[in-house]
Amino acid sequence: MKSGVRFLEAYHHSLRAFGNSRGIQHVQKQTIETPSPKSMISNYFKIAWRNLNRQKFYTIINVTGLAFGLAACLVIVLYIQNELSYDSYNEKADRIYRVDADVKFGGNQFQMSYRSAPEAQALVDDYPEVETAVRFRSAGSYLVKTKDEAENIKEHHVIWTDSTFFDIFSLNVLEGNAFKALNQPMSVAISKKIADKYYPGESPLGQSLILDNNYHMTVKAVYDDIPDASHFHFDILVSMVGDWPPIAREAKSTSFLSENFSTYLLLRQGANANDLEAKLPGFMDTHYGPELAGAFGGDFTLEKSRASGNKYDLSLTPLRDIHLHSSVKGDFEANGNITYVYLFGSIAALVLIIACINFMNLSTARSGNRAKEIGVRKVMGSLKKHLIRQFLTESFVVTAIGILLSIGIVYLMLPWFNTIANRQLSLPLSSYEFYLGLTIAALSIGLLAGLYPAFFLSGFKPIQALKGNISSGMKSGPIRSFLVVFQFVISIFLIIGTITIGKQQSFIQNKNLGFDKEQVIVVHDAYALRPNSVEPFKDEALKITGIESGTISGYLPVENDWSSRSNSSFWKAGQESNTENMSATQMWAVDQDYLKTFGINLIEGRWLSADFPSDSNAVVLNETIARRLDLGSNPVGSQIQSFEGEAKAENIVTWTVVGIVEDFHFSTMKESITGLAFYLGKHDGNVSFKFRADNTKNVIQALGETWKKLAPGQPFEYSFLDQDFERMYQSEERLGELFTIFSGLAIMIACLGLFALTTFTAEQRTKEIGIRKVLGASVASIVVLLSREFGKLILIAFAVAVPLAWYGVNWWLSGYTYKTEIGITVYVLAGVVSFFVAWITMGYQSIKAANSNPVDALRSE
């Protein structure tokens with residue numbers, strides 16, 4: 001009798017659910033009219049909305065999870081799309097290649113884009129595949145002013161280049177002649193931004209720009225600003241035609257061993273870059289071989305050098321690959337990293353999958369609640385395909401709402417994301433492709449999230465459904481259990497990744513670098529004090545209270561736009577100058593106060609001093625180069641040799657080693673410490689001062705006043721060495737921040753689903769909990785009962801995630817020569833964090849259910 005009553009209740013409930021739909025009419029007469037497709041679709045949406053509205057809590061969980069998952073996914077897609085679009089504005093991008101070199105020599109191995117002056121024309125002459133070429137030289141900062149201005153402005157994007165620049169790169173020239181702009185001596189082409197800055201409201205053509213107070217250039221053309229998605233952003237292009245300035249003379253050099261230029265090739269239509277690259281070893285033998293033989297001895301050949309383990313190979317890097325695939329010495333700007341594109345793309349997919357899993361889990365978990373509805377529908381004639389369409393419609397409605405909310409979330413998130421990622425991303429709301437993509441995404445995600453629940457629910461047998469024999473909860477869903485495990489595998493993996501990145505950043509910041517980066521202020525562009533005020537500026541600054549020491553040198557123990565680098569090679573005096581005896585090294589011109597200012601540790605001998613006339617040919621070496629040159633246990637007093645200028649026998653110089661310093665890091669932790677030699681010389685790129693921490697503000701003010709007195713009209717720019725060091729690792733810091741954010745989002749979405757499942761399980765076991773409490777069960781035992789099954793799943797997830805994370809962590813850290821140790825504690829910590837977060841998520845509902853009044857739970861019985 002009771003089952004019959006329940007059947008009638010279910011039946012009438014079904015009728016109310018259908019409302020005024022045309023699916024059933026005149027039930028009393030048992031006549032059924034076949035509905036039209038339009039009315040069926042309308043009916044699907046009405047019922048979907050009613051079901052979602054009736055289950056508000058679970059609808060909110062689903063929509064919130066999907067909205068945040070889709071928002072994260074959309075932001076990452078915008079980021080990836082931007083990264084992949086670099087340099088695509090060039091109409092000939094598929095034919096433009098940069099010439100790079102892979103060098104292994106003298107104990108060092110590195111990749112660089114620095115090429116020799118004559119190489120570009122030689123490639124054009126030797127290979128018909130090359131249509132034309134362009135060279136760049138001396139990218140960086142210059143002091144700029146007009147002839148009518150006394151004050152200089154520092155411009156950071158100035159480059160010397162050939163007249164073929166506009167033949168290769170697609171930039172719209174607004175004023176002047178693109179093909180004649182750079183083929184005259186002392187001429188420049190400038191961007192619209194620079195034109196508006198220096199000549200507002202007037203044409204700059206024929207006007208004068210003065211670079212570094214010395215070079216009077218005539219503006220010959222104005223071009224559109226280079227797009228953001230470019231691997232260079234030059235605002236001033238300076239002609240290399242003529243005999244002055246010195247760079248123009250250098251551009252005429254015929255030496256292949258003086259490598260200070262970057263070379264880009266434009267291949268002819270149909271030319272194969274791989275075929276051309278295969279010919280480049282022959283090019284090296286023809287053009288570089290003779291000069292190298294002159295430097296290293298008549299029997300030297302590149303073939304013998306390669307056989308002995310050395311390498312000097314040229315390669316062609318496609319223009320579009322530079323931003324994401326290039327990390328060589330000589331890159332114009334800090335590039336992206338294809339690894340990060342893959343990484344964030346994976347995170348986007350994983351976050352979205354977690355959100356979809358929530359939908360599938362909750363839909364199947366609540367199967368018992370909808371069993372009678374499904375049974376009545378089937379008894380009344382609904383086919384399986386109709387039920388599948390109904391449940392898919394609910395999935396599409398949830399997805400559509402989630403996408404609309406995600407657009408709003410992205411709109412709010414983007415400014416904040418742009419700040420962290422250093423990008424200028426925006427929603428392409430005016431692009432029809434954007435809306436087409438959202439529509440496809442909505443359909444795909446709706447199908448992905450709804451397909452399994454639709455088939456699962458529509459497969460119920462009507463008799464079992466109406467009898468209430470459909471089980472629900474965790475025990476009835478092995479697939480659901482698998483999905484929960486999968487969610488937490490992702491979450492634990494991301495937690496371990498986040499901790500690893502944080503530990504590596506901490507390792508970099510706290511590692512003993514071998515020099516003191518704290519309380520050092522670096523005053524830039526000291527050459528503006530020429531010709532007679534560089535030393536007086538240092539002397540006057542040393543009188544300032546709080547300044548302890550100072551040094552003049554453009555060579556800094558950090559790598560950035562204002563630190564110089566200079567490559568050379570040494571060998572022991574008396575040995576032949578060949579590749580077997582040579583060791584590649586950096587060679588820095590410094591003054592006698594350099595060691596004291598930067599706190600470098602001298603371990604043998606003495607430092608350089610102007611008080612010793614012989615120190616004009618003295619060097620101080622680091623441990624690495626002393627070891628490679630095999631100078632023995634007492635290297636002080638040893639003599640070594642190098643080339644001064646071009647690598648020719650007549651240019652060999654002999655140096656005496658007067659001291660050895662402890663190895664210190666002057667490049668990133670991704671690179672091994674290489675050889676380094678110091679010598680007394682003038683290099684006035686920067687003046688650095690060591691100062692006391694308690695007087696920072698007064699020191700900066702006094703330095704600025706001293707600068708203005710000795711260099712009127714020149715901008716006073718400075719930085720702190722510790723901040724310069726941190727800037728070397730900006731990309732890692734951004735990665736860490738973004739990884740933490742997206743990991744937290746993934747965990748939040750997973751916990752939302754876990755919270756909803758725990759709530760549902762507690763609802764399903766209300767009477768069981770009531771009976772247990774009547775029989776004397778404690779609150780703690782009930783909490784354990786409700787949490788135990790989920791806890792087991794999280795432990796399984798931890799066991800699966802750890803080996804995957806171990807592989808990923810080791811893969812990422814392999815990019816660093818100097819790296820932190822990731823011990824078992826990191827993995828245990830990730831497991832504890834994930835379990836704790838999950839228990840907090842489950843605990844609230846479990847404790848709430850355990851504290852409920854058993855009378856209320858059993859009243860209906």
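## Nonpolar surface patch

Helices here are DSSP runs of at least four residues, numbered from the N terminus. The model is a predicted one. On its surface, Val779, Leu795, Phe835, Phe836, Trp839, Ile840 and Ile847 make a nonpolar patch of about 620 Å². Two helices, H25 (779–813) and H26 (824–850), each supply at least two residues of this patch. H26 gives the largest share, with five residues.

Isoleucine 847 is found in H26. Its relative accessibility is 35%, so isoleucine 847 counts as partly exposed.

In soluble globular proteins, nonpolar side chains tend to be buried together. The largest nonpolar core in this model has 116 residues, and those with the most contacts inside it are Phe344, Trp588, Ile600, Trp607, Phe678 and Phe742.

Leaving aside residues up to four places away in sequence, isoleucine 600 touches Gly514, Phe515, Tyr594, Leu595, Val661, Phe664 and Phe678.

## Backbone features in loops

Tryptophan 244 and proline 245 are joined by a cis peptide bond, with omega about 5°. Proline 245 lies in the loop between strand S10 (236–239) and helix H7 (246–250).

Two aspartates have positive phi values. For aspartate 87, phi is near 65°; this residue sits in the loop between helix H3 (56–84) and strand S1 (96–105). With a relative accessible area of 0%, aspartate 87 is buried. For aspartate 212, phi is about 50°, and its place is the loop between strand S8 (208–211) and strand S9 (215–223).

Conventions: Residues are numbered from 1 along each chain as its sequence is written. This is a predicted model: local features need pLDDT of at least 70, side-chain atom pairs count only at pLDDT 80 or more; totals for chains, interfaces and linings use all residues. Side-chain values use heavy atoms; hydrogens and water are left out. A nonpolar core is a set of buried Ala, Val, Leu, Ile, Met, Phe, Trp, Tyr and Cys residues joined through side-chain atoms within 4.5 Å. Buried means under 20% relative accessible area, exposed over 50%, partly exposed in between (1.4 Å probe, protein chains only). Contact means heavy atoms within 4.5 Å. Patches are made of residues with over 30% relative accessible area and no salt bridge: like charges are joined within 9 Å, nonpolar side chains (Val, Leu, Ile, Met, Phe, Trp, Tyr) within 5 Å. Accessible areas come from the Shrake-Rupley method with a 1.4 Å probe; for residues, only the protein chains shown count as cover. A salt bridge is a side-chain nitrogen of Lys or Arg within 4 Å of a carboxyl oxygen of Asp or Glu.
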